[in-house]
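I opened the model to look up a few local features and one contact between chains. My notes follow.

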Amino acid sequence: MEQSSKQEMKLKGIPASPGIAIGPAYLYRKHEPTVQVRNIEAEKVNSEIQRLQNAVARSKKELIKIYDFAQHRLDGEQARIFEAQTLILEDSVLFDMVYARLRHERKNVEYLLRDEMEKYHRLMANSHDEYARERADDLKDVEDRILRNLEEQKLTSKIDGSHIIVSHNISAADALMFSRNDVLAYVTEIGGATSHMALLARALKIPAIVGVHQIASFSAPDETVIVDGYDGVVILHPQPATIKTFEKKKAHHVEFEETLAALRDLPAETLDGHHVKLSANVELEEELEFIKFQGADGIGLYRSESLLLGKEVFPSEEEQYKAYRRIAKSIHPKHVIIRSFDIGGDKLMAQSIKESNPVLGWRGIRIMLDKPQVFLDQLRAILRASTFKNLSILLPMISSLKEVQMAKQLLGQAKEDLRTKNIAFDDKLQLGVMIEVPAAAVIADHIAREVDFLSIGTNDLIQYLLAVDRGNDVVSDRFQEFHPAVIRFLRRIIERGQQGKVMVGMCGQMAGDPLATILLLGLGLDEFSVVPTVLPEIKKIIRSIHYTEAKHVAERVLEMQSEDEIKAYLKRLMKNKFSEMLIGGK
Amino acid sequence: MIEREVTIRNRAGVHTRPAASIVKLAAKYKSEFYIEKDEVEINGKSIIGVMTLAAEQGATLLLKFDGPDEQEFSNAMSELFESGFGEPI
């Protein structure tokens with residue numbers, strides 16, 4: 001491989017986990033088994049049966065290993081996918097048929113297995129039912145696994161030396177297997193910043209970048225690759241000069257991160273004593289240790305729908321209670337805001353309803369209010385877990401005062417239910433509303449009178465306000481956090497919250513954007529709930545300025561008429577104050 | 001040949017765990033066992049087949065038993081369905 005003769009290539013992706021890595025690439029290609037038809041002689045039939053049985057036995061061993069590992073690293077419920085696959089391996093009807101056909105048709109087991117499985121697969125994949133469709137994927141996975149074992153391909157989970165894993169995609173199972181090795185970084189062609197791989201990478205503090213189209217075809221094994229997880233940049237065939245630059249950058253960031261670690265136990269307070277709450281957004285229980293390590297003041301958003309991952313139905317009140325209690329206990333005396341199930345739209349468990357416009361459809365609080373039994377289960381579970389007095393409830397996708405009142409009524413009912421059973425709970429449990437629907441922002445003062453706090457969900461708010469689907473690649477650059485309309489809306493929401501004497505926080509991505517910190521501070525935001533990786537950075541910014549200055553910045557920004565002007569102004573400001581800051585190019 | 005009509009009682013319907021229970025019970029008997037739902041018939045001794053059914057709460061299924069121990073078999077299987085597979089209703 002002639003490295004020096006190849007052109008240095010810079011590819012851009014979505015940063016999924018921060019850090020810089022320089023090292024050899026390991027191309028991970030999920031093995032696609034090829035199936036050819038062969039004739040089997042009569043005397044070879046028994047050995048062919050043996051082949052299949054051996055392959056099945058090996059597959060079973062692999063699945064048990066993965067299931068075990070998953071149970072420890074992931075939620076036990078998420079590990080259930082692997083349990084279903086193990087059962088499929090034991091389907092006597094399927095294998096009896098394969099053996100019968102083998103004796104009768106005398107064709108190789110690869111062909112027969114695939115043929116038989118294809119029949120079931122077709123039935124399942126075309127089902128109206130989501131559960132059946134998911135099992136179709138499991139069926140395919142099991143088929144691939146057996147075929148791979150028939151070819152006697154080894155499961156590549158052991159790699160020598162430290163590498164940067166490059167792949168089209170890395171599933172949760174793969175990431176778990178790889179994490180045992182010395183992985184320097186992950187780079188994938190597809191995937192999102194909130195995929196399991198990304199979460200695991202962040203938890204393990206390994207740089208990762210997703211959405212780097214075509215990288216697998218451009219890179220070759222063992223060639224040196226540079227991964228910049230801060231900016232989402234991958235450099236192939238780097239020149240020696242480039243390598244030196246990045247080595248320096250890496251050392252610099254390591255140093256910087258160490259100074260940030262020193263901030264962990266210090267409060268998020270401005271130079272002139274203005275205090276804000278700096279919390280973390282959490283999805284999985286696995287993240288709790290990390291957020292404590294990052295010095296979060298609490299959990300500003302716990303995405304409870306993570307309990308629904310890989311499940312066919314809503315978990316019971318008892319199951320939920322245990323999960324909420326674990327979190328409350330772990331984070332105590334710090335506070336947790338649990339958002340009620342926010343499903344539908346682009347999220348999980350969209351049920352079997354086909355909506356032509358799911359983002360504007362049946363989602364969030366709408367589903368909960370339409371399914372009061374499910375909502376009551378969750379409310380009771382949260383109430384029961386509130387005995388440490390550190391929980392609050394947050395309602396997503398509220399668009400009217402009526403919805404708030406209905407939710408409050410149900411909360412009252414849940415409390416009554418528990419009272420009659422003599423079950424203890426925190427009667428002073430606080431209730432908050434997510435401001436993400438523009439209508440809610442406009443009547444935020446009315447809403448503020450009915451609740452204890454507001455939390456601004458900028459991800460959806462901006463989407464609705466600017467009429468831009470943030471998941472749509474074609475228009476995604478129109479999704480602008482610094483659009484003057486957005487800034488005005490934020491100002492109004494905060495003002496109305498202050499009028500109603502309630503705390504106003506923000507849990508959307510904008511809260512974790514260092515470029516927005518001073519502005520948000522100046523607008524009067526009380527709580528920033530951010531992705532834990534950026535927490536120290538945001539804290540540093542807050543601790544480095546005066547609140548009076550931040551207010552001044554906000555006033556100036558409110559006068560500006562274009563996002564370009566606003567961004568340029570903020571970038572200049574940040575450059576002057578924090579030359580060593582990691583301001584990504586947004 | 002015995003036919004029994006059953007209704008799915010448990011909230012979650014026939015997902016992985018109940019499917020496993022059905023197949024495990026069926027393996028104990030010699031008779032043939034088929035389940036019919038909405039004009040689709042699957043072999044009740046195959047877990048993949050049962051998973052394909054994806055029967056939800058309230059669905060009606062027709063269980064068919066044929067063989068030497070069909071009486072015992074149908075009783076035991078009907079009971080399993082009636083009990084909601086031991087899951088929350």
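This is a predicted model: local features need pLDDT of at least 70, side-chain atom pairs count only at pLDDT 80 or more; totals for chains, interfaces and linings use all residues.

**Entry 1: a cis peptide bond in chain A.** I looked up the bond from A:His332 to A:Pro333 and found it cis, with omega near 10°. I then located A:Pro333 in the loop that runs between helix 11 (317–331) and strand 11 (335–339) of chain A.

**Entry 2: positive phi in chain A.** I checked A:His237, which is not a glycine, and read a positive phi near 45°. A:His237 sits in the loop between strand 8 (233–236) and helix 9 (240–261) of chain A. I counted A:His237 as buried because it has 21 C-beta neighbours inside 10 Å, and the cut-off for buried is 20 or more.

A:Met397 came next; A:Met397 is not a glycine either, and its phi is positive at about 65°. I placed A:Met397 in the loop between strand 12 (391–395) and helix 14 (401–420) of chain A. A:Met397 has 22 C-beta neighbours inside 10 Å and therefore counts as buried.

**Entry 3: helix 3 of chain B.** I took the span of helix 3 (residues 70–82) of chain B, which has 13 residues. From its first C-alpha to its last the helix reaches 18 Å, close to the 18 Å expected at 1.5 Å a residue.

Which residues of helix 3 of chain B are buried? I listed B:Phe73, B:Ser74, B:Met77 and B:Phe81. Seen down the axis of helix 3 of chain B, the buried residues fall within an arc of 95°, so they line one face of the helix. On the other side of the helix I found B:Gln71, B:Glu79 and B:Glu82 exposed.

I then asked what the buried residues of helix 3 of chain B pack against. The partners, in chain B, are strand 1 (2–7), helix 1 (16–26), strand 2 (32–37) and strand 4 (60–66).

**Entry 4: the contact of chains A and B.** I looked up how many residues each chain gives: 15 come from chain B and 21 from chain A. On the side of chain B that touches chain A, the elements that give two or more residues are helix 1 and helix 2 (47–53) of chain B. Helix 2 of chain B supplies the largest share of that side, five residues. By type, I recorded the residues of that side of chain B as seven nonpolar, six polar and two charged.

Terms used: Residues are numbered from 1 along each chain as its sequence is written. Chains are lettered from A and ligands numbered from 1 in the order in which they are written. Helices (H or I, at least four residues) and strands (E, at least two) are DSSP runs, numbered from the N terminus. The expected span of a helix is 1.5 Å times one less than its number of residues. A residue is buried if 20 or more other C-beta atoms lie within 10 Å of its own, exposed if 12 or fewer, and partly exposed in between; C-beta atoms are placed from the backbone. The arc is that of the directions from the helix axis to the C-beta atoms. Two residues are in contact if their C-beta atoms, placed from the backbone, lie within 7 Å. Ala, Val, Leu, Ile, Met, Phe, Trp, Tyr, Cys and Pro count as nonpolar, Asp, Glu, Lys and Arg as charged, and the others, Gly among them, as polar.
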